[in-house]
Amino acid sequence: MKGPVDLVFYVLAAVTVGSAILVATLPNIIYAAVALLFAFFGVAGLYILVSADFLAATQVLVYVGGILVLIMFAVFLSSRISSVELSNPVHFRLPAAAICLALFGVLAHTAVSPAFIPKPQVTYQPTTAEIGELLMTRYLLPFEVASVLLLAALIGAALLSRPDRPDIPRPDMEEP
Amino acid sequence: MALDKMLVVGAALFCCGLYTILTRRNAVAVLMGVELVLNAANINFVAFSHYVSRMIGGQIFAVFVIVLAAAEAAVALAIFLRLFATTGTVEVDTADHLRG
């Protein structure tokens with residue numbers, strides 16, 4: 001855990017945190033979305049460094065391929081392109097910065113405290129098979145509940161985003 | 001690279017997300033802040049799972065967090081579209097119709 005791995009970690013941490021700061025501060029929301037892309041990629045790299053290979057692939061597929069595209073769609077559908085900078089005003093900068101810096105101090109102080117005892121031997125091995133086995137055995141109930149939740153979110157999102165057209169009579173489901 | 005460095009990165013990510021949530025008034029940008037906070041929590045789960053715990057449960061938990069984030073993003077963006085169709089803007093300040 002010396003040398004190149006440390007260098008890779010620092011590069012990934014700098015990319016992640018720098019992009020997150022850009023997400024928080026950039027005035028243009030489209031630039032903020034692009035910065036969010038780099039933050040997600042940095043987090044995926046950090047996952048690989050702590051031997052979470054399956055999670056890194058999931059992060060790239062779901063966050064970068066799904067959530068970020070959704071956010072981009074929402075940006076383009078919900079604001080006029082010409083006024084995209086005006087659509088994102090910023091208030092309460094100083095108190096929010098004070099709160100966040102104080103919280104970061106507390107969290108960082110907790111993180112470097114000796115309360116967490118690391119295990120002596122850190123191993124690196126593929127985790128995909130183990131995660132799949134655990135999802136089908138020990139965590140089967142949360143897995144199924146998550147599938148029901150995804151179905152509910154799918155139906156709910158489709159229902160919510162459907163435009164209301166009062167001029168077209170809605171087909172009645174009760175009567176044949 | 002050890003546990004404390006990963007936790008510091010997670011804390012920084014969390015604070016950036018919190019700052020985004022507190023300062024932005026565009027609902028989509030607030031959602032970006034929520035995603036940053038969820039990523040920070042995931043980093044903590046995975047770091048503890050790798051450095052402290054013998055089990056892989058932290059990674060399983062992170063998988064479920066990603067599932068919840070995807071569902072949340074889909075529903076939230078549908079709500080934003082309805083808000084934009086109703087009020088013509090996605091500023092969170094304008095959605096105060098429930099106030100008496």
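The model is predicted: local features need pLDDT of at least 70, side-chain atom pairs count only at pLDDT 80 or more, and totals for chains, interfaces and linings use all residues. Residues are numbered from 1 along each chain as its sequence is written, while chains are lettered from A and ligands numbered from 1 in the order in which they are written.

Chain A has six helices and zero strands, helices (H or I, at least four residues) and strands (E, at least two) being DSSP runs numbered from the N terminus. The order of elements from the N terminus of chain A is α-α-α-α-α-α. Of the 176 residues in chain A, 24% are buried; a residue is buried if 20 or more other C-beta atoms, placed from the backbone, lie within 10 Å of its own. Among contacts in chain A between residues at least 6 apart in sequence, 58% join residues at least 24 apart, where a contact means that C-beta atoms placed from the backbone lie within 7 Å.

After α2(A) comes A:S51, with a positive phi near 55 degrees.

The domain assignment, automatic or from a database, divides chain A into domain 1 (4-126) and domain 2 (127-162). The C-alpha centres of these two domains of chain A are 24 Å apart. Five residues of domain 1 of chain A contact four residues of domain 2 of chain A.

In chain B, the axes of α2(B) and α3(B) are 9 Å apart, at an angle of about 175 degrees. Axes are lines fitted to C-alpha atoms, for helices over the stretch in contact, and angles run from 0 to 180 degrees between N-to-C directions. The two helices α2(B) and α3(B) are therefore roughly antiparallel, a term for angles over 145 degrees. Residues in this contact include B:L31, B:L38 and B:F45 of α2(B) and B:F61, B:V65 and B:F80 of α3(B).

The contact between the chains takes 72 residues from chain A and 60 residues from chain B. On the side of chain B that touches chain A, α1 (3-23), α2 (27-51) and α3 (57-87) of chain B each give two or more residues. The most come from α3(B), with 21 residues.

Key
Contact = placed C-beta atoms within 7 Å. Buried ≥ 20, exposed ≤ 12 C-beta atoms within 10 Å, placed from the backbone. Parallel < 35°, antiparallel > 145°, perpendicular 65-115°, else oblique.
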